[in-house]
Amino acid sequence: MTEHNRHAEPIDSIDRRIVAELSRDGRLSVRTLAERVHISRTAAHNRVQHLMARGVITGFGAQIDRKAIGLNISALVVVRIGGDASWEAIAAKLATLPFVEKVQAVSGDIDIMLTVSAPDHEQLSQAILRDIHDLPGVVSTRSHLILAEIDGRPPAQSLDIWRP
């Protein structure tokens, strides 16, 4: 099954409710999930397995509080690339650097957006000025400190506006 074909089949309202429940709490038991979605345990199990096989559900993980593990400062770093290097190659290198949490290709006059978190200003500066900015192919960086963060609702939890 190709990557495109894995997502071609639309999901129905029951699958959307399953995805919404699991996005709220990925540790739900199949029994609890079935009760909340109003289907049998067997149906819930089979639907979750099918959603995983199709790539709709890509994994289950813990949400980590950065500050609780000592990453006290975060920044969004805008990266412009140039030269012959492809963005994929540079993005792959950026993803391996210490303190880089996320690498995203974006449209517009910038190429890549990074989320970088570090224990303190000094280590954040080192990550941006030495590790990121000095990477071959990186033309410029612009950093924006994250002062506050408020979680929105994942798409799966907006069932009232989410239609296939």
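Predicted model: local features only at pLDDT ≥ 70, side-chain atom pairs only at ≥ 80, totals over all residues.
Reader: What makes up the secondary structure of the protein chain?

Author: The protein chain comes to six helices and four strands. From the N terminus on, the elements run α-α-α-α-β-α-β-β-α-β.

Reader: How do you know which strands stand at the edges of the sheet?

Author: Start with the order, which is β2-β3-β1-β4 in an open sheet with antiparallel pairing. β2 (100–105) and β4 (138–145) each have a single partner strand, so one side of each is left without a neighbour in the sheet. On average, neighbouring strands of this sheet are turned by 20° against each other, direction ignored.

Reader: What makes β1 and β4 a pair?

Author: Two strands pair if DSSP finds at least two bridges between them. Strand β1 (residues 73–81) is joined to β4 by seven bridges, and the two run antiparallel. The pairing therefore meets the cut-off of at least two bridges. As an example to look up, Ala-75 stands opposite Leu-145 in β4.

Reader: How many bridges join β1 to β3, and how many pair β2 with β3?

Author: Between β1 and β3 there are seven bridges, again antiparallel, and Ser-74 has Ser-117 in β3 as its bridge partner. β2 and β3 pair in the antiparallel sense over five bridges; here Val-100 has Val-116 in β3 as its bridge partner. The hairpin of β2 and β3 has six residues between the strands, and Gly-108 takes a positive phi near 100° there.

Reader: Why is β3 called mostly covered?

Author: Buried means under 20% relative accessible area, and seven of the seven residues of β3 are buried. Both faces take part: Ile-112, Leu-114, Val-116 and Ala-118 lie on one side, with Met-113, Thr-115 and Ser-117 on the other. For the protein chain, buried residues make up 30% of the 164 residues.

Reader: Why are α2 and α4 called roughly perpendicular?

Author: The axes of helix α2 (residues 13–24) and helix α4 (residues 41–53) cross at roughly 85° and come within 11 Å. Angles of 65 to 115 degrees count as roughly perpendicular, so α2 is roughly perpendicular to α4. In this contact, Ile-14, Asp-15, Ile-18, Val-19 and Leu-22 in α2 meet Arg-47, Val-48 and Leu-51 in α4. The residues divide into six nonpolar, no polar and two charged.

Reader: How do you know that the buried residues of α6 line one face of the helix?

Author: In helix α6 (residues 121–132), the buried residues are Leu-124, Ala-127, Ile-128 and Ile-132. Seen down the axis of α6, they fall within an arc of 85°, so they line one face. The face turned away from the buried side carries the exposed residues Glu-122, Leu-129 and Arg-130. What covers the buried residues of α6 includes β1, α5, β2, β3 and β4.

Reader: Where does helix α5 lie?

Author: Helix α5 (residues 87–95) lies across β1, β2, β3 (112–118) and β4, and runs at about 165° to β2.

Reader: Is Trp-87 buried, exposed or partly exposed, and what makes it so?

Author: Trp-87 lies in helix α5 and has a relative accessible area of 40%. Buried is under 20% and exposed is over 50%, with partly exposed in between, so Trp-87 is partly exposed.

Reader: Which residues is Trp-87 in contact with, leaving aside its neighbours within four places in sequence?

Author: They are Ile-81, Ala-105 and Ile-112. Trp-87 also lies 7.6 Å from Asp-111, C-alpha to C-alpha, with the two 24 residues apart in sequence. For the protein chain, among contacts between residues at least 6 apart in sequence, 64% join residues at least 24 apart.

Key
Residues numbered from 1 in each chain as written. Heavy atoms only, no water. Axes fitted to C-alpha atoms, helices over the stretch in contact; angles between N-to-C directions. Contact = heavy atoms within 4.5 Å. Parallel < 35°, antiparallel > 145°, perpendicular 65-115°, else oblique. Nonpolar A, V, L, I, M, F, W, Y, C, P; charged D, E, K, R; others polar. Buried < 20%, exposed > 50% of the residue type's maximum accessible area, 1.4 Å probe, protein only. Arc of directions from axis to C-beta.
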